Amino acid sequence: MPDLIAFDDDPLALRSTFALFPSGVAALSAVVEGAPVVLVASSFQVGISADPPLVLFAVQHTSTSWPKLREAERIGVSVLGEAHDSAARQMASKAADRFAGIETVTTATGAHFLEGAPVWLECSIHSEVPAGDHDVVLLRVHAMGHEAGTEPLVWHASSFRALTPQVGA
């Protein structure tokens, strides 16, 4: 049996424990009032529902991007690839132009995507559920695309990592 630490005994242990669960990284973006807005999420999950098609992510109540992004008609979700390591850092920063030097494309509905992503999903907000210091946001998928053979970017142990393809796969 592993040594278990009560959350009350060490609140920082929760964060470091959660960090050991690897997850994909997604950029959620749309053009709002003429400018692209982005939120980078490592809490993004697919396969929540097939009918209707739903995905989800969690956003902190302190986010300054989400109040703007949630006003968009459609949100572009770009699941980031291993080539997006520095782009992910830049988009998650407080830089004035989070998209400087990053190739993007915008749909007629305002959904904003990163070029070279393994997966693209054009979504709208289905619902939001309060969850402690976050909100869980369910997004309905309206359109999708993918780039086969593009390796994902993974968030693990508080850093970005690339998967190593299996030999012979």
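Okay, let's start in the middle: the largest nonpolar core of this predicted model is made of 22 residues. If you want to find it on the screen, look for Leu-28, Phe-57 and Leu-139, which have the most contacts inside the core. Where do the rest come from? Well, the elements giving two or more residues to this core are strands E2, E3, E5, E6, E9 and E10, plus helix H2, at 66–69. E2 has the largest share, with four residues.

Now, those strands, how are they arranged? We've got an open sheet of seven strands here, and the pairing is antiparallel. Reading across, the order goes E3-E2-E6-E9-E10-E5-E4. Which strands stand at the edges? That would be E3 and E4, the latter at 45–50. Each has a single partner strand, so one side of each has no neighbour in the sheet. And the sheet has some turn to it: on average, neighbouring strands are at 35° to each other, if you ignore direction.

Let me zoom in on one pair. E2 covers residues 26–32 and E6 covers residues 75–79, and four bridges join the two. They run antiparallel, and if you click on Ala-27, you'll find Ser-78 of E6 standing opposite.

Rolling a probe the size of a water molecule over the atoms shows where space is left. Helix H1, at 11–18, helix H3, at 85–92, and strands E3 and E5, at 35–41 and 53–60, each supply at least two lining residues. H1 gives the largest share, which is six residues. By class, this lining splits into 18 nonpolar, 12 polar and five charged residues.

Then there's the second largest pocket, with about 220 Å³ of space. Which element gives the largest share of its lining? E3, with four residues. Remember, E3 is also one of the edge strands of the sheet.

Technical notes:
Residues are numbered from 1 along each chain as its sequence is written. This is a predicted model: local features need pLDDT of at least 70, side-chain atom pairs count only at pLDDT 80 or more; totals for chains, interfaces and linings use all residues. Side-chain values use heavy atoms; hydrogens and water are left out. Ala, Val, Leu, Ile, Met, Phe, Trp, Tyr, Cys and Pro count as nonpolar, Asp, Glu, Lys and Arg as charged, and the others, Gly among them, as polar. On a 1 Å grid over the protein atoms alone, a cavity is a set of points where a 1.4 Å probe fits but cannot get out, and a pocket is an open set with protein on both sides within 12 Å along at least five of seven lines; lining residues have an atom within 4 Å of a point. Grid points are joined across faces, edges and corners, and a volume is the space filled by probe spheres set on the points. Two strands pair if DSSP finds at least two bridges between them. Axes are lines fitted to C-alpha atoms, for helices over the stretch in contact, and angles run from 0 to 180 degrees between N-to-C directions. A nonpolar core is a set of buried Ala, Val, Leu, Ile, Met, Phe, Trp, Tyr and Cys residues joined through side-chain atoms within 4.5 Å. Buried means under 20% relative accessible area, exposed over 50%, partly exposed in between (1.4 Å probe, protein chains only).
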